Amino acid sequence: MGEWKVPAELRYAETDEWFAVDGDVVTIGITDYAQDQLNDIVYVEFKDAGDSVDAGESFGEVESVKAASELYSAVAGEIIEVNTALEDSPEIVNADPFGAGWMVKIRTADLSALADMMDATAYDAYCDSR
């Protein structure tokens with residue numbers, strides 16, 4: 001068991017994004033494990049609200065002093081909100097990856113892809129295995 005947080009109510013991708021479902025809206029961010037591996041996040045860039053995204057498509061990028069990483073959506077839909085606070089203060093992702101550090105909200109008609117994603121127990125084991 002790692003020292004990172006893995007909230008039980010979320011779903012997780014092998015690319016280290018988390019997904020929270022509220023009706024037909026999916027909020028996406030990166031995990032505590034991901035922000036820890038990236039270290040100090042210095043820049044984020046997302047597609048704009050109103051843009052469409054396909055399942056498996058990148059919706060943005062996060063950069064740290066160590067690396068740059070693409071961000072991927074597990075669901076197709078329209079980006080309805082972008083966390084613009086991260087543009088001026090990307091370090092929020094390091095401080096609160098599951099709260100104030102959320103990245104985008106996507107309205108989707110198909111949540112089925114999330115059913116095949118990892119739950120908290122599986123994601124924690126996946127992180128431990130790396």
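A residue is called buried when its relative accessible area is under 20%. In this predicted model, aspartate 16 has a relative accessibility of 11% and therefore counts as buried. Aspartate 16 is located in the loop between β1 and β2 (17-22). Its backbone carries a positive phi of about 75°, although aspartate 16 is not a glycine.

Threonine 31 is also a loop residue, placed between β3 (25-30) and α1. With 0% relative accessibility, threonine 31 counts as buried. When neighbours within four places in sequence are left aside, threonine 31 is in contact with Tyr12, Asp16, Glu17, Trp18, Pro97, Phe98 and Tyr123.

## Helix α5

Helix α5 spans residues 120-128, and its buried residues are Ala120, Tyr123, Asp124 and Cys127. Viewed down the axis of α5, these buried residues fall within an arc of 100°, so they line one face of the helix. An α-helix has 3.6 residues a turn, so residues three or four places apart point the same way.

The buried residues of α5 pack against β1 (11-12) and α1 (32-38). One of these buried residues, Tyr123, is among the contacts of threonine 31. At the start of α5, aspartate 119 places a side-chain oxygen within 3.3 Å of the backbone nitrogen of threonine 121.

## From asparagine 39 to strand β4

Asparagine 39 lies in the loop between α1 and β4. Its phi is near 75°, a positive value in a residue other than glycine. Asparagine 39 is partly exposed, with a relative accessible area of 36%.

Valine 42 belongs to strand β4 (residues 41-46). Its relative accessible area is 46%, and valine 42 is thus partly exposed. Together, Val42, Tyr43 and Val65 make a nonpolar surface patch of about 270 Å².

## Leucine 111

Leucine 111 is found in the loop between β9 (104-107) and α4 (112-115). This residue is partly exposed, with a relative accessible area of 32%.

Not counting residues up to four places away in sequence, leucine 111 touches Val21, Gly23 and Val26. Leucine 111 and aspartate 51 are 60 residues apart along the chain, and their C-alpha atoms are separated by 18 Å.

Methods. Residues numbered from 1 in each chain as written. Predicted model: local features only at pLDDT ≥ 70, side-chain atom pairs only at ≥ 80, totals over all residues. Heavy atoms only, no water. Buried < 20%, exposed > 50% of the residue type's maximum accessible area, 1.4 Å probe, protein only. Helix = DSSP H or I, 4+ residues; strand = E, 2+ residues; numbered from the N terminus. Arc of directions from axis to C-beta. Contact = heavy atoms within 4.5 Å. Polar contact = N/O pair within 3.5 Å; in protein donor to acceptor, adjacent residues only side chain to side chain. Patch = residues over 30% accessible without salt bridge, like charges linked within 9 Å, V, L, I, M, F, W, Y side chains within 5 Å. Areas by Shrake-Rupley, 256 points an atom, 1.4 Å probe, with all protein chains shown as cover. Salt bridge = Lys/Arg side-chain N within 4 Å of Asp/Glu carboxyl O.
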